Amino acid sequence: MHKSPRLLGAGVHTAAPGKDYPPHAHTSWELVYYVRGRITCPVGDETYDATPGTVLLTPPHTWHAELSRTGYANRFLQVDAATTHSWPRLCYDDTDHTLRRVFDALVRESTHPTPDSDELRTLLLSELDLRLRRAAATPAVTPAEQLVAQAEQLFEERFAGGLRISRVADELGISVSGLRAAFARLRNTSPQAALQAVRLRHALAHIRNSTLPLQAVADLTGYHSVSHLTRHVKSATGAPPGALRAIGPQR
């Protein structure tokens, strides 16, 4: 008979660079969501590299450890479930951070309980169980694919704020050269070009569909100046911003 998962405990763990978590095992499942850093995780006979958005699931009585390469932070859950429960050993969050939302809520309701926390924890754990079982049935995503997807998500979220590729690489726990290699192999472009494409897409939308001054468009889309914006727009479209605006709104 199917054994419904039951939450035993939850919390947050942070560690500095080089501050490893030694080998250990639990009598229950341990589900860990990595929020920050790059970590090497020996689990039984396997070794995994975790970056932000990685979820690592360790069955009961399985020895595992965390080797802190950059310093890291995680959310962890101790869950009573059958050893054969149909969860993946590794999966990744989506661009909406759905799994992080559930992990954060479970940690919050466990560490700061309210009168209805028991009911809410049961509902949240049921949602997490469903999403993890769905992930187990989905074709696996490689770590490099996940890394590139995470970088692209950061581009979309922060393109207007002078985002630097070195900052993105640092947040993902990888070197700039490693990030460039992943983009070259999977996207046939560079991370800088991918970021500029996001900025340009948003800039063209403002130019074609608004009456904002070009300085405001530049400010909103991460360009240093109107001349910087104009140079990129003209290079991409063959026309300066004023000519594109004269054409009128476009869908």
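The backbone oxygen of Thr-51 lies 2.9 Å from a polar atom of the Thr-54 side chain. The model is predicted, with local features requiring pLDDT of at least 70 and side-chain atom pairs pLDDT 80 or more, while totals for chains, interfaces and linings use all residues. Residues are numbered from 1 along each chain as its sequence is written, and side-chain values use heavy atoms, with hydrogens and water left out.

Thr-54 belongs to strand β5, residues 54–58 (helices, H or I of at least four residues, and strands, E of at least two, are DSSP runs numbered from the N terminus). Thr-54 counts as buried because its relative accessibility is 0%, the limit for buried being under 20% relative accessible area with a 1.4 Å probe and protein chains only. Residues up to four places away in sequence aside, Thr-54 touches Val-32, Tyr-33, Tyr-34, Leu-90, Cys-91 and Tyr-92, where contact means heavy atoms within 4.5 Å.

Strand β3 is largely enclosed by the rest of the structure, because 13 of its 15 residues are buried. Strands count as paired if DSSP finds at least two bridges between them. β3 runs antiparallel to β6, with eleven bridges, and Tyr-34 stands opposite Asn-74 in β6. Four bridges join β3 to β5, also antiparallel; here Tyr-33 stands opposite Val-55. β3 and strand β4 (residues 46–50) are antiparallel and joined by five bridges, with Pro-42 opposite Thr-47. These two strands, β3 and β4, form a hairpin with two residues between them, and Gly-44 in the turn has a positive phi of about 60 degrees.

How values were computed: Buried means under 20% relative accessible area, exposed over 50%, partly exposed in between (1.4 Å probe, protein chains only). A polar contact is a pair of N or O atoms within 3.5 Å; within protein, one must be able to donate a hydrogen and the other to accept it, and residues adjacent in sequence count only if both atoms are side-chain atoms.
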